Amino acid sequence: KEEHRRRALYQRKKKKLKTNLVIPPMPFPSKRRRKKKEPSPTPNRPMSNPEKRKRKRKNEEPSSPTLPSTPDPSTSSPKKERKTTATTQTQQSSPFLSLPSDLLLNCVARISRLYHPTLSLVCKRFRSLLASPELYKVRSLLGHTERCLYACIRHGTDSRWYTLCRKPDKILDNDETKSKSSGYALARVPFPDSPLADYPGLVAVGSSIYQIAHWGDTSVSVLDCRSHTWREAPSFPVKLSTRFASVVDQKIYVAGRYELGDPPLSNLFHVFDTESQVWDALLPLPFTGNYRVLRTACIDGKFCTISCSEVDVSPVIIGSGSWDLVRSGMNKYMYSNSYCVIENVLYSASHGIFRWFDSEAHKWRNLNGLVGLPKLRCEHGIRLADYGGNMVVSWKQHTYYSFLPQTKIWCAEVSLERRRESCEIWGKVEWLEHMLTAPRIIDVIKVLAVAV
């Protein structure tokens, strides 16, 4: 009886506790996991779980368009949704792709060549449009012909070509970049088979770059800078051991030496007409002696051959088919490939010192200014180029990263101002930029400017 009375008292207390509790007790976890049954979506029944409440709200609301970054989970095929989203995003980012071809060509023709490497990455249609000859016909009709810079860089035994362009991640504001960088870079121009190139045989004529015959070879290759394709021109008449080429009035003058003459090493001069595509021989020199061509240049519309001889040191100038001997010290700073002619003035960066040749006084003078340009030496391999009246200076810098050699290519544009009252030329550095880094030893062969 006592035990029965205790059990009855315990059951009464237990019933009282159940009625007084606000939160029901958690069920005892069973060993076998059962799937939770989702309650039926009745609108009057409140749901305690917030996730279930969200699911119910999605099922009740009508379907709406989703953003590209957040696809709708209720769609049955996610691959089709991604494809549709990507197509919609492309149409929104480039709406003028639906324009007629003539109107699109007229719009693209007004864009500077500095942005063409970036524009070619948009789509295949732009890539083919930028290489079409119709684009450059429209550019010439609109008067949008401009100077474009090309750099030939030697990677081991290969000659690779690059062109100056604008960086795609630079934001321009009032023709100036918001960052300290100039926003220029070198973009690789891919060629299937690029011939070997060297400094003396590379010249620019109009929108093409000519590579004149290597040592012991007669082939002449032409690079069309509009379509970025190579073609072959008429071969050089004789195999040369050394040659130097320059351009005068759309004609290429070549001075070199060949090994089949009498004496064994004889000088040879030819001219190539780029319009008629014909080679013609020039008159031989009017004097004898151990005359060796050191460099060539074009000054005042005349082809100048700078020589170094045991008898004397003199440049020879040819014009209208006749030779004139002029004695000067022009060859004093012409032993390296660091020279160019800008507006009939010869500039040199021999030994890292920038000079210009005064043709009236027949002497070299220092180029003043150049604030911001680093001190350069012979090992930097300085290259100069005429860039629409300004001077482009390119050089290399060999460094080591984790005990491995690497090469940095730098480039700067210098504007020139001639002060005739003081017989001085001042240079101002417009921009200076690190262009390229290669994990090996590379060399800048030559920098050229073409009109496209």
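Where is the place of Asn 344? The legends below start with this residue; the model shown is predicted.

**Figure 1. Asn 344 in the loop between β18 and β19.** Asn 344 sits in the loop that runs between β18 (339–342) and β19. The phi of Asn 344 is positive, near 65°, and the residue is not a glycine. With a relative accessibility of 42%, Asn 344 counts as partly exposed.

**Figure 2. His 362 in the loop between β20 and β21.** The loop in this view lies between β20 and β21 (363–366), and His 362 is found there. His 362 has a positive phi of about 55°, although it is a residue other than glycine. The relative accessible area of His 362 is 39%, which makes the residue partly exposed.

**Figure 3. Ser 350 in the loop between β19 and β20.** Ser 350 belongs to the loop between β19 (345–348) and β20 (355–358). Its relative accessible area is 5%, so Ser 350 is buried. Apart from residues up to four places away in sequence, Ser 350 touches Tyr 333, Ser 336, Ser 338 and Arg 355.

**Figure 4. The crossing of helices α4 and α7.** Helix α4 covers residues 101–109 and helix α7 covers residues 133–142. The two axes come within 9 Å and cross at roughly 60°. The crossing of α4 and α7 is right-handed. On the α4 side, the contact is made by Leu 105, Asn 106, Val 108 and Ala 109. On the α7 side, Glu 134, Leu 135, Val 138, Arg 139 and Leu 142 take part. Sorted by class, the contact of α4 with α7 consists of six nonpolar, one polar and two charged residues.

**Figure 5. The buried and exposed faces of helix α7.** Leu 135, Tyr 136, Val 138 and Arg 139 are the buried residues of α7. These residues lie on the same side of α7, because they cover an arc of only 155° around the axis. The buried residues of α7 pack against α4, α5 (116–119) and α6 (124–130). Which exposed residues does the face of α7 turned away from its buried side carry? Pro 133, Lys 137 and Leu 141 are the exposed residues on that face. Gly 143 follows α7, and the phi of Gly 143 is positive, near 75°.

**Figure 6. Val 392 in strand β24.** Strand β24 spans residues 390–401 and includes Val 392. Is Val 392 buried or exposed? Val 392 has a relative accessible area of 1% and is therefore buried. Neighbours within four places in sequence aside, Val 392 is in contact with Leu 149, Arg 383, Leu 384, Ala 385, Tyr 387, Cys 411, Ala 412 and Val 447. Val 392 and Leu 432 are 40 residues apart in sequence, and their C-alpha to C-alpha separation is 9.8 Å.

**Figure 7. Arg 419 in strand β25.** Arg 419 lies in strand β25, which takes in residues 404–419. The relative accessibility of Arg 419 is 29%, so the residue counts as partly exposed. When neighbours within four places in sequence are left aside, Arg 419 is in contact with Glu 424 and Trp 426.

**Figure 8. Cys 304 and Cys 107.** Zero disulfides are found in a search of the whole structure. Cys 304 is in no disulfide, and the nearest cysteine sulfur, that of Cys 298, is 7.1 Å away. Cys 304 counts as buried because its relative accessibility is 3%. Cys 107 has a relative accessible area of 36% and is partly exposed.

**Figure 9. The protein chain behind the close-up views.** The protein chain has seven helices and 27 strands. Of the 452 residues in the protein chain, 40% are buried. Among contacts in the protein chain with a separation of 6 or more, 52% are between residues 24 or more positions apart.

Definitions and conventions. Residues are numbered from 1 along each chain as its sequence is written. This is a predicted model: local features need pLDDT of at least 70, side-chain atom pairs count only at pLDDT 80 or more; totals for chains, interfaces and linings use all residues. Side-chain values use heavy atoms; hydrogens and water are left out. Axes are lines fitted to C-alpha atoms, for helices over the stretch in contact, and angles run from 0 to 180 degrees between N-to-C directions. Helices (H or I, at least four residues) and strands (E, at least two) are DSSP runs, numbered from the N terminus. A crossing is left-handed if the near helix is turned anticlockwise from the far one by less than a right angle, and right-handed if clockwise. Contact means heavy atoms within 4.5 Å. Ala, Val, Leu, Ile, Met, Phe, Trp, Tyr, Cys and Pro count as nonpolar, Asp, Glu, Lys and Arg as charged, and the others, Gly among them, as polar. Buried means under 20% relative accessible area, exposed over 50%, partly exposed in between (1.4 Å probe, protein chains only). The arc is that of the directions from the helix axis to the C-beta atoms. A disulfide is a pair of cysteine sulfur atoms within 2.5 Å.
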